[in-house]
Amino acid sequence: MRLNKIFKNTLLILTACLVLSACATKQQEVSTEIKGQMQGDVYTGTDTVKYLADGVPDRVFFATNESILTTASRETLRAQAAWLRQNSSINVVLEGHADERGTREYNLALGERRANAAKDYLMTYGISSDRITVLSYGKERPVDSGSNPLAWSKNRRSVTVKAN
Amino acid sequence: MIRKFIILLLIVFPFKAFALIEVDITRGNLNPLPIAVSPLAIDEKSKKNFENILQIEDIGYEISNIVENNLKTSGLFNPLNKDAFLQAPDIANLKPRFEDWNLIKAQALITGKVNLVDEKLRVEFRLWDVLAAKEMMALAFTTVPNNWRRVGHIISDKVYERLTGEKGYFDTRIIYVAEEGPKTQRIKKLAIMDQDGFNNKFLTLGNELVLTPRFNPTSQMVTYLSYFKNMPRVYLLDIETGTQEVVGDFPGMTFAPRFSPDGKKIIMSFAKDGKSDIFTMDLENRIVERITNHPSIDTSPSYSPDGKYITFNSDRSGYQQIYIMNSDGTDIKRISFGNGLYGTPVWSPRGDLIAFTKLHKGKFYIGVMRTDGSGERLLTENYYQEAPSWSPNGRVLIFYRETKTNAKGEGFSAKLWSIDLTGYNERKIKTPTDASDPSWSSLLSN
């Protein structure tokens, strides 16, 4: 069901790219960029990502209004869990964020829900909840100030930050 | 202290027997009433004294400007240019020559005088019906000179009430969030100002993120969200003393606070383990009560004016929609069924409508619907706008609007706007910095 949706979205984007590639050069550039950095409307690029350690990305991304972890997100979180198991003295804050296309209060709740999705996954991989604090910023701290789908996709995120 | 207004005497009661002018406020500003606001007369000695105390050259003129500006921004009145006035303020206040005011097409006239008596500002004013050649109202009051702007607002409220039959909303304040800096690192402070944008004052320094301040309808208290020590919590702030305290002892984020209509409770959301529910805290006995219990996000609660019901938004149906329930959390009913997402419901002070934000096909709308969800009316559409707050008489909504940035992510701004319930008279409200999350106070004087 879920996969089906992602597959459909990918197809849609591919079709959109094909259509766009027939247009002016500028549009072509944009479409190639988006194609490389989004799947469905989940950000898959790397230019905002930082690393907690080698091979351990600090953040996962979400679809609009969603808090479901993608396959890539689960992979990232497993790497974080492995790293946290090796560094048992480190505690983390999971900072949940939303994009600007929602009302402020709902987005605060949505950011909390996203960070908790990440927290739950870390816990299933053996990280104690004592080591994890959840903090929602709603739409208050975007990483990209753009008003476009790509910028919004970078902003819908949960970022794992060292607390000590 | 600033509330110490003494209405000294009601000089004349309005005559009910005549067919006097009336303003219909239900149809928008199609025919604003032509009104002349004569500068308040002032004697030379008082003028000099006020100049010394307040550094204002002609306080009579300034007060009349406040009245004029208020009446104009309501969209219901068309204040006439003072250059066209034929009668001097002092003579007009004694006995206006109605032919002269008729000549410049004024239908109503405000006159008055102001002086300094025992260190106090004393003002009297009269409202005249020009066509009927009658006095409609006369009032006098005294206050401390520093309250001179409020004098203008109170006159405006009395005139508005006399001519429309409804209470005014000019002697009020707006609390909001002042914003500065880049979009990715906004600095936010609580700020307060008079309804007309004057007397702006910052209440916090900007060291921590603050959001969604809301007035207590019965006192000078404010509830808001602060990220103090990186813990988003609901706080209570006394504007007059500056004291603040955290509300309740919740093991997680509390947000979306509002007061109950009697000012005795705070209703808010508490987020834990990915779900947000609605709670209240009694400010007297500190008892916390759970109102909703659902795995979804329940937030943005707002009481009906009689305190019997609560409206809120929830995504329990899968998407953000508006619900109402009894104030104890029973009998939850969804009321928004249109296309799109619905949020930030706020119950009108009159009780008959709920204002909301709607997101549909990439556009944001401010709208109103009846409390059963029928009669949805969208007042304004934009790239981004939300968080309507009602004027105390339920006639005007204030909200904030953000602009789209350009391809480089530049050009962001956030401003306060107001619009009439009729959908007319949309206005940008001037603030010294960018602004968001406005909340309208009750009338300061009654």
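How many residues of domain 1 of chain B are in contact with how many residues of domain 2 of chain B? The points below take up this question together with the contact between the chains.

1. Basis of the model. This is a predicted model, in which local features need pLDDT of at least 70 and side-chain atom pairs count only at pLDDT 80 or more, while totals for chains, interfaces and linings use all residues. Residues are numbered from 1 along each chain as its sequence is written, and chains are lettered from A and ligands numbered from 1 in the order in which they are written.

2. Confidence. For the complex, the predictor gives an ipTM of 0.93 and a pTM of 0.90. Chain B has a mean pLDDT (the predictor's confidence in each residue, from 0 to 100) of 93, and 94% of its residues reach 70 or more. Two residues are in contact if their C-beta atoms, placed from the backbone, lie within 7 Å.

3. Domains of chain B. Chain B is assigned domain 1 (6-164) and domain 2 (173-440), with bounds that come from an automatic or database domain assignment. The C-alpha centres of these two domains of chain B are 35 Å apart. In answer to the opening question, nine residues of domain 1 of chain B are in contact with eleven residues of domain 2 of chain B. On the domain 1 side, helix H2 (residues 59-73) of chain B gives the most, with three residues. Helices (H or I, at least four residues) and strands (E, at least two) are DSSP runs, numbered from the N terminus. By class, this side of domain 1 of chain B has one nonpolar, six polar and two charged residues. Here Ala, Val, Leu, Ile, Met, Phe, Trp, Tyr, Cys and Pro count as nonpolar, Asp, Glu, Lys and Arg as charged, and the others, Gly among them, as polar.

4. Domains of chain A. The assignment for chain A gives domain 1 (1-40) and domain 2 (41-162). Their contact takes six residues from domain 1 of chain A and eight residues from domain 2 of chain A. On the domain 1 side, helix H2 (25-37) and strand S1 (38-39) of chain A each supply at least two residues.

5. Contact between the chains. Chain A contributes 23 residues and chain B 32 residues. On the side of chain A, helix H4 (104-124) and strand S7 (132-138) each supply at least two residues, and the largest share, ten residues, comes from H4(A). The residues of this side of chain A divide into eight nonpolar, seven polar and eight charged.
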